[in-house]
Amino acid sequence: MSLDLAGEWIWPVIAAPFVGSFLGVLVLRLPAGQPVGLARSACPRCGATLGAADLVPLASWLVLRGRCRHCSAALGAFYPGIEIAALGIAAWAALVLPPPLVWAGCALGWTLLAAALIDLRHLILPDALVLPLIPAGIALHALVAPGSWPDHAIGAAAGYLGFVAVRALYGAIRRREGLGLGDAKLLAAAGAWVGWQGLPSVVFLGAAAALAGLLAVRAAGHGVDLKGEIPFGPALALAIWIIWLYGPLVTA
């Protein structure tokens, strides 16, 4: 393997923990309407501004044993967890995708990771993360396979309109709102990346993952209010990622 070809996957893997650190900031600040790129990071306990040595992904957390340098408060595992997740996404993409597509795969996976965590924590899927995935997916396939982009444009429209139709039907039957438009937009992004052919697989795998997650939560002894709001974004994000990497579950 040439050095140039190896660089197609080495650099995303090296960058992944730093991207994960930024995603952690994004997940915490974007739903709260706080500035993401300008404000300095600070300890949530004592408010001390964190220096460069405190912000080295994974390494600084390990050196400081997960505690603030200034007040010794436990910092929790959120940041190292999301940094490891971002690294895992980059490694996964590097193993599965052809080198020219690794960066695109990482961008998709990292965005889905942030959107899934925000939905899990706040029950919202921010437009700022989800909507750009739609033109990005169509444009990518227009570049790598010019004849395929109409399938992905149709997939985006079908994903959104199909989910909106199900949402309207659910509301008519149950007399209450049960499906969020954020999920419809995420399904539109799914269609943009996997094409209309991959949408059924995304829906099936997403529903299966959501059901498995609910059963796991109940098995762990936590109650689940089936009449309350349940985040579908994490399961849908996982399904989009897997189907884009490996293709539809059943092909003609």
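Contacts (heavy atoms within 4.5 Å) in the protein chain were sorted by sequence separation, and residues 24 or more positions apart account for 67% of those with a separation of 6 or more. The model is a predicted one, in which local features need pLDDT of at least 70 and side-chain atom pairs count only at pLDDT 80 or more, while totals for chains, interfaces and linings use all residues. Residues are numbered from 1 along each chain as its sequence is written, and side-chain values use heavy atoms, with hydrogens and water left out.

The secondary structure comprises 9 helices and 0 strands, where helices (H or I, at least four residues) and strands (E, at least two) are DSSP runs numbered from the N terminus. The order of elements from the N terminus is accordingly written α-α-α-α-α-α-α-α-α. The chain has 252 residues, of which 36% count as buried; buried means under 20% relative accessible area, exposed over 50%, and partly exposed in between, with a 1.4 Å probe and protein chains only. The accessible surface amounts to about 13600 Å², and carbon and sulfur atoms hold 68% of this surface.

The largest nonpolar core contains 49 residues, among which W110, L112, W193, V202 and W244 touch the most other members. Such a core is a set of buried Ala, Val, Leu, Ile, Met, Phe, Trp, Tyr and Cys residues joined through side-chain atoms within 4.5 Å. Two or more residues are given to this core by each of helix 1, helix 3, helix 4, helix 5, helix 6 (133-144), helix 7 (149-174), helix 8 and helix 9 (233-246). With residues up to four places away in sequence not counted, V202 touches L187, A190, V194, L236, A239, I240 and I243.

Helix 3 (residues 78-96) has 19 residues and reaches 27 Å from its first C-alpha to its last, close to the 27 Å expected at 1.5 Å a residue. The expected span is 1.5 Å times one less than the number of residues in the helix. Buried positions in helix 3 are P80, I82, E83, A86, I89, A90, A93 and A94.

Helix 1 (residues 3-29) gives the most to the nonpolar patch, with 4 residues. W9, found in helix 1, counts as partly exposed because its relative accessibility is 32%.

The count of salt bridges (a side-chain nitrogen of Lys or Arg within 4 Å of a carboxyl oxygen of Asp or Glu) comes to 1. The pair is D127 and K185, with the closest N and O atoms 2.9 Å apart. D127 lies in helix 5 and K185 in helix 8 (residues 181-219), so the bridge ties together parts that are 58 residues apart in sequence. D127 is partly exposed at 36% relative accessibility, and K185 is partly exposed at 21%.

Positive phi angles were found at two leucines, L58 with about 65° and L123 with about 60°. L58 lies in the loop between helix 1 and helix 2 (59-63), and L123 in the loop between helix 4 (102-122) and helix 5 (127-130).

Terms used. Areas by Shrake-Rupley, 256 points an atom, 1.4 Å probe, with all protein chains shown as cover.
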